[in-house]
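Hello,

Here is the structure I promised to pass along. Have a look at it first, and then read on for my notes.

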Amino acid sequence: MTEVVFWTLLSLLNWDESGDDEAVIEPVVVALSVKSANEILQFEEILSEKLYALDTIEHAREIGEDAYVNDKQHFSVDWFLYARCVVISNGEELYKEVISTPKSFPKDMEFEALLSIGPAAFERKTSQEYNHITKVSYETYSNKSGWK
């Protein structure tokens with residue numbers, strides 16, 4: 001799986017179905033599920049790397065109303081993960097812009113459904129439960145250098 005294929009797959013998200021996340025991701029799940037099981041796992045690796053790269057304090061401070069302020073104020077690690085999903089689901093151009101300019105992070109939006117594309121495609125392809133653990137974790141605070 002190349003980066004080009006990764007971004008091409010994500011361009012299949014059907015935003016005409018906004019409000020029905022399963023319908024939005026279905027074209028990507030279909031396209032990914034016809035690839036090899038290994039390519040599906042590679043898709044997940046690329047996704048994890050991109051989510052990890054966005055896991056920084058600078059980005060967390062720019063997500064809108066629920067942005068990171070300091071260690072004393074509540075900050076939803078899940079919301080930040082789902083907000084990072086918005087950046088990736090909107091394509092390579094926005095991703096590159098937000099990586100280089102955290103202030104351009106979309107505000108007050110989430111797209112948790114992005115995280116279910118790989119597992120759904122894998123299970124559809126193999127009829128087996130998805131239990132792959134990626135090389136890097138995309139969970140909030142995993143990117144230690146991004147939170148110094």
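Let me start with Lys 107, which is partly exposed because its relative accessible area is 36%. Please keep in mind throughout that this is a predicted model.

Lys 107 forms a salt bridge with Glu 62, and the closest N and O atoms of the two are 3.8 Å apart. Lys 107 sits in the loop between helix 6 and helix 7, while Glu 62 sits in the loop between helix 4 and helix 5, so this pair ties together parts that are 45 residues apart in sequence. Through shared partners, salt bridges join Glu 62, Lys 103 and Lys 107 into one network.

Is Glu 62 buried or exposed? Glu 62 counts as buried, because its relative accessibility is 16% and the cut-off for buried is under 20%. Lys 103, in contrast, is exposed, with a relative accessible area of 63%.

In total, the structure holds five salt bridges. Another one of them joins the side chains of Glu 26 and Arg 124, at 2.8 Å from N to O. Glu 26 belongs to helix 2 and Arg 124 to helix 7 (residues 117–126), so the pair ties together parts that are 98 residues apart in sequence. Glu 26 counts as partly exposed at 31% relative accessibility, and Arg 124 also counts as partly exposed, at 44%.

Which residues form the negative surface patch? The patch is made up of Asp 16, Glu 17, Asp 20, Asp 21, Glu 22, Asp 78, Glu 110, Glu 112 and Glu 139. To pick out one of them, Asp 16 is placed in the loop between helix 1 (3–10) and helix 2 (21–33). Asp 16 counts as exposed because its relative accessibility is 75%, and the cut-off for exposed is over 50%.

How many aromatic pairs does the structure hold? There are 13 aromatic pairs. Tyr 68 and Phe 75 are both buried. They also belong to a cluster in which ring pairs link Tyr 68, Phe 75, Phe 80, Phe 105, Tyr 141 and Trp 147.

Finally, a note on another tyrosine, Tyr 82, which is found in helix 5. Tyr 82 counts as buried, because its relative accessibility is 16%. Tyr 82 and Leu 47 are 35 residues apart along the chain, and their C-alpha atoms are separated by 13 Å.

Best wishes

Terms used:
Residues are numbered from 1 along each chain as its sequence is written. This is a predicted model: local features need pLDDT of at least 70, side-chain atom pairs count only at pLDDT 80 or more; totals for chains, interfaces and linings use all residues. Side-chain values use heavy atoms; hydrogens and water are left out. Patches are made of residues with over 30% relative accessible area and no salt bridge: like charges are joined within 9 Å, nonpolar side chains (Val, Leu, Ile, Met, Phe, Trp, Tyr) within 5 Å. Accessible areas come from the Shrake-Rupley method with a 1.4 Å probe; for residues, only the protein chains shown count as cover. A salt bridge is a side-chain nitrogen of Lys or Arg within 4 Å of a carboxyl oxygen of Asp or Glu. Lys and Arg count as positive and Asp and Glu as negative; His and the chain ends are not counted. The place of a charge is taken as NZ of Lys, CZ of Arg, CG of Asp or CD of Glu. Helices (H or I, at least four residues) and strands (E, at least two) are DSSP runs, numbered from the N terminus. Buried means under 20% relative accessible area, exposed over 50%, partly exposed in between (1.4 Å probe, protein chains only). Rings of Phe, Tyr and Trp (its six-membered ring) pair if their centres lie within 6.5 Å; planes under 30 degrees apart count as stacked, over 60 as edge-to-face and the rest as tilted.
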